[in-house]
Amino acid sequence: MILALASTAAVVVALRLDKEAELPPGIPPQPAAISVDPRIDPVVASAPSPTPAGVSRAIAPALQNPALGVLSGMISDSLTGEILWSRNPDRPRIPASNDKVLSAAAFLEAMPHDARVTTTVVAGSDGQVILRGAGDPTLSAQPARADTFYSEPGRIADLADQIKQAGIPVTSVAVDLSAFSGPTMDRTWDRRDIQGGDIAPIESLMVDGARLEPLDEYSPRSATPGIMAGEALAAALGVDAPVTEATAPAPAGDRVIAKVESAPLVTRVNDMLRHSDNVLAETLSIELAVHRGGPATLAAGVDAVEQVLSTTFPDQWKGTTLADASGISYANRTTPALLDAVMTAASGPSRPALRPMLDGLPIAAGAGTLTDRFPIATTPGAGWVRAKTGTLTGVSSLTGIVQTIDGRVLSFALMSGGTSPADARPALDAVVGQLRECGCR
């Protein structure tokens, strides 16, 4: 009865507040509207320093979980670079998609952050237009103003509008895939992963990452991405003729009738990290190879990543051999020491060129591949952990940063093997969650 009366009184007061200009005696005035301050407060450099003993003490219980399997790892202080904990840090392990941490570092270290990729349409003969790819898988077939999977992409719709404005009657569409050469699939990849949604043949022309369902992260991919892109342009132009392959005439500068640009490099790198996008990782590696004067092949992309990283992190490079830039190959090997060194450099003062990758790291219980991890009810770290996930059968990795309760940023790289990822992932999260909870002093 008391609760009912209290509830009724609240309703009466609310109605009076809505209707009366003056408040009854004893009722405080309505508070001012809340305003949002979008500033990001920087981490205070004077936050208490953690100690190796403090870190070891904090994570010791979580390390007892048998779900971790065979665990290697390293934890460091981002500000000072001091190693706070390690277990077999130089042991080469399969990184799975933690490979993308290495790729992202190479891309950001060696290429202009504002670099863009331009897709063009060239006028052919007899009413044919040729859609020429340049290595941008984020190009979207989504209609104008419709949602897209990737951030700020060029659109087929814009190309079609430009062609129509040029007043050229189009009878057929062809695609030029000559910007890339060599095999479109690494020999260590499984072609069943095309239908599974993990990869597509890496061609220089794609739309929506070759996804058959353009907004579905896990959609099956097309086995013929270039033709699929040409069909999207033909549909936008109302052309019924079959799409074929052709080579655009050279030089084609004065025959270009439409073009669109990708988002800047840094945006595409962060999309790659946030969604663990294998197709985008591989095309970015080829972009790096071409930027460095090499051929536009998958193999050259891997070589370029290795060359940049072995120069940038010579002390930690030993033990790393890469087969691809995305991490879907079981032939990749790297060490917690290198992964942690990259993350320490990105989150500390030593290599500001790498700092933008922190924006692309998934956020615990918040964004990307960590959206459904670090549940608030059971695991500390939600919102305070940013990390790249890595998962293959029997392999689970997690590399990123965490801000401790004292405000200190720690980097970490944890590589687990031999247990089910379904069991290993929450076990890894529990280790990192304890870093969030401790001052580790």
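The dialogue below covers helix and strand packing in a predicted model.

Trainee: Which residues of α4 and α6 meet?

Mentor: From α4 come I156, L159, A160, I163 and K164. From α6 come A229, A232, L233, A236 and L237. Contact here means heavy atoms within 4.5 Å.

Trainee: How do you know that the buried residues of α4 line one face?

Mentor: First list them: I156, A157, L159, A160 and I163 are the buried residues of α4, residues 156-165. Seen down the axis of α4, they fall within an arc of 160°, so they line one face. An α-helix has 3.6 residues a turn, so residues three or four places apart point the same way.

Trainee: What do the buried residues of α4 pack against?

Mentor: They pack against β3 (118-123), β4 (128-132), α6 (225-237) and β7 (256-261).

Trainee: What makes β3 mostly covered?

Mentor: Buried means under 20% relative accessible area. Five of the six residues of β3 are buried.

Trainee: How do you know that β3 pairs with β7 and with β4?

Mentor: Pairing needs at least two bridges. β3 and β7 are joined by five, running antiparallel. β3 and β4 have four, also in the antiparallel sense. T120 illustrates it: its bridge partner is K259 in β7 and R132 in β4.

Trainee: Why do β2 and β8 stand at the edges of their sheet?

Mentor: The open sheet has five strands in the order β2-β1-β10-β9-β8, with antiparallel pairing. β2 (83-87) and β8 (385-392) each have a single partner strand, so one side of each is left without a neighbour in the sheet.

Trainee: How many bridges join β9 to β10?

Mentor: Nine bridges join β9 (residues 395-403) to β10 (residues 409-417), and the two run antiparallel. Within that pair, L398 stands opposite L414 in β10.

Trainee: Which helix lies across β1, β9 and β10?

Mentor: Helix α10 (residues 336-347) does, running at about 155° to β10.

Conventions: Residues are numbered from 1 along each chain as its sequence is written. This is a predicted model: local features need pLDDT of at least 70, side-chain atom pairs count only at pLDDT 80 or more; totals for chains, interfaces and linings use all residues. Side-chain values use heavy atoms; hydrogens and water are left out. Axes are lines fitted to C-alpha atoms, for helices over the stretch in contact, and angles run from 0 to 180 degrees between N-to-C directions. Buried means under 20% relative accessible area, exposed over 50%, partly exposed in between (1.4 Å probe, protein chains only). The arc is that of the directions from the helix axis to the C-beta atoms.
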